[in-house]
Amino acid sequence: MKNENLLKVFAKYVSLNVLGMIALSCYILADTFFVSKALGAAGLAALNLAIPVYNFIHGSGLMIGMGGGTKYSIYKSQGKKEAADQVFTNAAVAMVCIATIFFLAGLFASAPIARFLGGNEQTFEMARLYLQVLLLFTPMFMLNNLLLCFVRNDGAPQLSMAAMITGSLSNVVLDYVFMFPFGMGIFGAVLATGLAPVISICVMSPYFLKKKNQFHLKKCRILPRLFGGIFSSGLPSLITEVSSGIVIIVFNMIILGLEGNTGVAAYGVIANLSLVVVAIYTGIAQGIQPVISSQYGSGNKKAAASILRYALTTMAVISAGVYLLIFFFAPEIARIFNSENSAALQSIAVGGLKVYFIGSIFAGFNIIASMFFTSTEYPFPAHIISILRGFVVIIPAAFILSSLAGMNGVWSAFPATEAAVALVGCILLIKRLQKLKGAKV
């Protein structure tokens, strides 16, 4: 494949997936905006307490979808149709098993989960209700993630993007309708979020009804080894999402002690904007995955490295633009979500935005590097990166820096962590590229 054609393929897949992921991230961002307008700081705090569970659900779906999609793309490029169908079947079974656990938690455990996450007198009932409905919609969230990933790896990135955007735009519209004309409060917000994947699946349904899909459910053995391979390839995606949820939980607990519900509400603004920025990087990573896996599977390792170079360059340019936008317009951004015009919330959010998002470019590098490792069937370094940035570094950093510098220390934990992990990731990436014959970034 010529470099010019390779660049066109990269631009096609990445642009579509970035647009789709930005739209997908609007699930929670729309909730944040409308909840802040309808329910004020208490509603915003309750929403932020519940967001980590969404990270766990979304991460589980991505683990199976991205892990299965990577395996499927490699087998497909090698002409192994039976093995490709077996991957999809095993991935679907894994999805059903995990979704059932979340669903049961929604039926029986939403109250204790809300209390564990920090729900108090002002926020508990809203957080509990949001969690319950969110968990009951888990099968739809996970099925949507599975189909989006396989459709993308099946050579239909436009459809995948269209489904994500349609689902997310419907969420924005339904958020407004349910919360304002219908006056449904926090229940309306989470109902709109839960219906979004249903609508996304409906958009993809003609692809299957017209039998355009090359992957199918087949009667075959459910192999623990294949489960392990899918989970291993998709684990970085899970860790990225789960770690985001755990970081939110830890930050919420620290901030509750420092600034109370107002601080948590301010962090809700930052955390939700962070979801959008991370979604852009995830869109780049998901966009390059089918291309890199296909090139690697067919033996064209130099082309796989070229795609990585395009991705890192794109990420760096976007990161610079995002930070400049946030730095110069932080007061205006915070004011959008500050419906009660709280001076304390405004001050905390503005200061946090300017410090927290210094870490964006490092986070983008870590996400893309992790995807490159998994796309070339070398997931171990991706596991290292994901675990370091998700648990090992950021949690101690949050406690240590917050004890030294209060809220500024809390905000500094994210960029400090991502920068330290990016250094490790850079070393691992250079070593990996040296093993790919003729591959240079």
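Predicted model: local features only at pLDDT ≥ 70, side-chain atom pairs only at ≥ 80, totals over all residues.
Trainee: What makes the phi of Lys-211 worth a remark?

Mentor: Most residues other than glycine have a negative phi. Lys-211 is not a glycine, yet its phi is positive, at about 55°.

Trainee: Which other residue has a positive phi although it is not a glycine?

Mentor: Asn-341 has a positive phi of about 55°. Asn-341 sits in the loop between α9 and α10 (343–356).

Trainee: Why is Leu-104 called partly exposed?

Mentor: Under 20% would be buried and over 50% exposed. Leu-104 has 41%, which lies in between, so Leu-104 is partly exposed. Leu-104 belongs to helix α2.

Trainee: Now the pockets. Which residues line the largest pocket?

Mentor: The lining includes Leu-29, Leu-273, Val-276, Gly-321, Ile-333 and Phe-337. The volume of the largest pocket is about 250 Å³.

Trainee: What makes the lining of the largest pocket divide as it does by class?

Mentor: There are 11 nonpolar residues, 1 polar and no charged ones. Leu, Val, Ile and Phe count as nonpolar, while Gly counts as polar.

Trainee: Which helix gives the most to the lining of the largest pocket?

Mentor: That is α9, with 6 residues. Both α8 and α9 (301–336) supply at least two residues each.

Trainee: How does the lining of the second largest pocket divide by class?

Mentor: It has 5 nonpolar, 6 polar and 3 charged residues. About 190 Å³ of space lies in this pocket. Of its 14 lining residues, Tyr-13, Ser-73, Asn-153, Pro-290 and Ser-294 lie nearest the centre. Tyr and Pro count as nonpolar, so Tyr-13 and Pro-290 fall in that class.

Trainee: Which helix supplies the largest share of the lining of the second largest pocket?

Mentor: α1 does, with 5 residues, and α1, α5 (138–153) and α8 each supply at least two.

Trainee: Why is a cavity not called a pocket?

Mentor: In a cavity a 1.4 Å probe fits but cannot get out, whereas a pocket is open. The structure holds 6 cavities of 30 Å³ or more. The second largest cavity holds about 150 Å³ of space, so it clears the 30 Å³ cut-off.

Trainee: What lines the second largest cavity?

Mentor: It has 15 lining residues, with Pro-236, Ser-237, Thr-240, Ile-367 and Met-371 nearest its centre. α8 gives the largest share, 8 residues, and α1 (3–77), α8 (224–297) and α11 (360–375) each supply at least two. By class, the lining has 6 nonpolar, 8 polar and 1 charged.

Notes: Residues numbered from 1 in each chain as written. Heavy atoms only, no water. 1 Å grid on protein atoms, 1.4 Å probe; cavity = no way out; pocket = protein on both sides within 12 Å on 5 of 7 lines; lining within 4 Å. Points joined across faces, edges and corners; volume = space filled by probe spheres on them. Helix = DSSP H or I, 4+ residues; strand = E, 2+ residues; numbered from the N terminus. Buried < 20%, exposed > 50% of the residue type's maximum accessible area, 1.4 Å probe, protein only.
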